[in-house]
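Reader: Could you walk me through one part of this model up close, the metal site, and then show me what sits around it in the fold? Keep it chatty, but spell out the cut-offs as you go.

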Amino acid sequence: MKLTSIASGSDGNCIFVGTQKTKFLVDCGISAKRVEEGLKELNLKVSDCDGILITHEHTDHVKGLGVLSRRYGLPVFATGKTIDAVFAYKNLGKVDHGLFHSIEADHPFQIGDITIEASKIWHDAADPVCYSFRSGDVKASIATDFGDYDEYLVEKLYGSDILFVEANHDVNMLQVGPYPYYLKKRILGRKGHLSNERCAQLISDIATKGTKKVYLGHLSKENNYEKLAYQTVRVSLHNEELPLEVAKRDAVSSVTSI
Ligand SMILES: [Zn+2]
Ligand SMILES: [Zn+2]
């Protein structure tokens, strides 16, 4: 299984995950051109992919979906409510509704040699989910855009060999920063975004000795920076060994291959 991020942050998200045989994009919140360029760096083409999985309908996750879907006709997978919300997105343009496949959280499905499972997360969207991928005995999980988590999510993500998780903001930076009150309240809320500190707790709840890589992603441009996210998580993990990397905002991150 291979995983890397093509772009990650409040401006746009797109993650690649796949095996030799089966390949997916998770979210398409950057332009189709940037997706093409990112995949090219990985010696891949969009047409090599078997589908696009959408976590939720926010712009930074679906901005490029219309163009990419028209250009390549890839199947799109999302929950029914997310699909409805994506269709309502004003910049989507005309898309072939037949390409959209409705999935349900906690109902794993198989495509090629990958079993995919969506799990519910707390976020201010129609029906947001995160995804886990299993192939053979390898598990990779991608979870961004949630304000908090509970035992359910820990159980779903537990034991991931590769984990991509949100470290959105530093609480102090957000509190003293320029955002208006309502926005601060939204981000800090249960359905907002995960702080560096809470992200560290989640990782220690999920990671096992078998965890081979953790990416920190979806960093806020205004309320976080790479070094701070990395240090906060590293220090509170009490684990020098765990390979940790901050996913790049505007470029392809390093590839983890197991
Ligand atoms: Zn987002
Ligand atoms: Zn969001």
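Predicted model: local features only at pLDDT ≥ 70, side-chain atom pairs only at ≥ 80, totals over all residues.

Author: Around the zinc ion (ligand 2), the 4 donor atoms subtend angles of 91 to 171°, so the arrangement comes out as irregular. Residues are numbered from 1 along each chain as its sequence is written, chains are lettered from A and ligands numbered from 1 in the order in which they are written, and side-chain values use heavy atoms, with hydrogens and water left out.

Back to the zinc ion (ligand 2): its donors are H56 (NE2), H58 (ND1), H123 (NE2) and D145 (OD), at 2.2 to 2.5 Å. A donor here is an N, O or S atom within 2.8 Å of the metal (3.2 Å for Na, K and Ca), and water is not among the atoms, so sites may look incomplete. Along the sequence, these donor residues follow the spacing H-x1-H-x64-H-x21-D. Helices (H or I, at least four residues) and strands (E, at least two) are DSSP runs, numbered from the N terminus. H123 counts as buried because its relative accessible area is 2%; buried means under 20%, exposed over 50%, partly exposed in between (1.4 Å probe, protein chains only).

Now the other metal. D145 bridges the zinc ion (ligand 2) and the zinc ion (ligand 1), and the two ions lie 3.5 Å apart. Besides D145 (OD), the zinc ion (ligand 1) has D60 (OD), H61 (NE2) and H218 (NE2) as donors, at 2.1 to 2.2 Å. Their sequence spacing reads D-H-x83-D-x72-H. The 4 donor atoms subtend angles of 91 to 164° here, so this arrangement is irregular too. D60 is buried, at 12% relative accessible area, and so is H61, at 0%.

Just after α3, G73 takes a positive phi of about 60°.

G51 in β4 is the bridge partner of F24. From β3 the chain crosses through helix α1 (residues 32-41) to β4, a right-handed β-α-β crossover; right-handed means that, with the strands pointing away from the viewer, the path from the first strand over the helix to the second runs clockwise.

Strand β3 (residues 23-26) has K23 and L25 pointing one way, F24 and V26 the other, and all are buried. β3 also pairs with strand β2 (residues 14-18), in the antiparallel sense over 4 bridges. I15 stands opposite V26 in β3, and a hairpin of 4 residues joins β2 to β3.

Technical notes. Tetrahedral: all angles 85-135°; square planar, octahedral: opposite > 155°, others 65-115°. Pairing = 2+ DSSP bridges.
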